[in-house]
Amino acid sequence: MQEFRDLRWGTMQPVVLVLPSGIAPITGFGDYACAVADPARLAGAAGGAQGRDAIDAVAPRLKSALSLAFGDALAELGAGKADVAAIAADSDAIAAAMRAKVEPLFDELGLTLSMLTIGAIRKAG
């Protein structure tokens, strides 16, 4: 199974949460890796491209899904936290929630999400 590492995701726009300390625009970024589980399905999703070209073709869709999953996970797990530092301390749980949300898309594209990390969660601005 061919694996692609050192792929990156990140929020294009801040995710806005209401915390006890006030409104907090939050950004996040990290790394992910995926392996090709079904080359034919990936090639179909990537317009016939194969290997790294296929990953590059579907990367915008993957990054968008990861960014949306980050926002959803923040809304679910960040609610009630005192501040951004408290949210960042929960990054492993946020990454696990993200993974659960995006794994069906990776499977649909013939990929397996082999690694997902959050490099940073920060208050924007």
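View 1. With a relative accessibility of 18%, Ser67 counts as buried, a word used here for residues under 20% relative accessible area, while exposed means over 50% and partly exposed lies in between (1.4 Å probe, protein chains only). Ser67 is part of helix 2, where helices (H or I, at least four residues) and strands (E, at least two) are DSSP runs numbered from the N terminus. When residues up to four places away in sequence are not counted, Ser67 touches Gly10, Thr11 and Met12, a contact being heavy atoms within 4.5 Å. The model shown is predicted, so that local features need pLDDT of at least 70 and side-chain atom pairs count only at pLDDT 80 or more, whereas totals for chains, interfaces and linings use all residues. Residues are numbered from 1 along each chain as its sequence is written, and side-chain values use heavy atoms, with hydrogens and water left out.

**View 2. Leu74, also in helix 2.** Leaving aside residues up to four places away in sequence, Leu74 touches Val15, Leu17, Ile26, Ala79, Ile87 and Ile94. The C-alpha atoms of Leu74 and Ala97 are separated by 9.2 Å, although these residues are 23 residues apart along the chain.

**View 3. The largest nonpolar core.** A nonpolar core is a set of buried Ala, Val, Leu, Ile, Met, Phe, Trp, Tyr and Cys residues joined through side-chain atoms within 4.5 Å. The largest one has 39 residues, and Tyr32, Phe70, Ile94, Met98 and Leu111 touch the most other members. At least two residues of this core come from each of strand 1, strand 2 (15-19), strand 3, helix 2, helix 3, helix 4 and strand 4. Helix 2 gives the most, with eleven residues.

View 4. Helix 4 (residues 91-108) has 18 residues and reaches 26 Å from its first C-alpha to its last, close to the 26 Å expected at 1.5 Å a residue; the expected span is 1.5 Å times one less than the number of residues. At Val102 helix 4 bends by about 40°, and a proline, Pro104, follows within four residues, the bend being the angle between axes fitted to the seven residues ending there and the seven starting there. Buried in helix 4 are Ser91, Ile94, Ala95, Ala97, Met98, Val102, Leu105 and Phe106. An α-helix has 3.6 residues a turn, so residues three or four places apart point the same way. The buried residues of helix 4 pack against several elements, among them strand 1 (3-10), strand 3 (22-36) and helix 2 (51-77). Just after helix 4, Gly110 takes a positive phi of about 80°.

**View 5. Strand 2 and its partner, strand 3.** Strand 2 pairs with strand 3 in the antiparallel sense over five bridges, and two strands count as paired if DSSP finds at least two bridges between them. Val18 stands opposite Ile23 in strand 3, and a hairpin joins the two strands through two residues.

**View 6. Salt bridges.** A salt bridge is a side-chain nitrogen of Lys or Arg within 4 Å of a carboxyl oxygen of Asp or Glu, and by this rule the count comes to nine. Asp31 forms a salt bridge with Arg8, their closest N and O atoms being 3.9 Å apart. Because Asp31 lies in strand 3 and Arg8 in strand 1, the pair ties together parts that are 23 residues apart in sequence. In another salt bridge, between Lys81 and Asp90, the closest N and O atoms are 3.4 Å apart; Lys81 is partly exposed at 24%, and Asp90 is partly exposed at 22%. Salt bridges that share partners join Asp38, Arg41 and Asp107 into one network.

**View 7. Asp6 in strand 1.** Phi of Asp6 is near 60°, a positive value in a residue other than glycine. Most residues other than glycine have a negative phi. With a relative accessible area of 59%, Asp6 is exposed.
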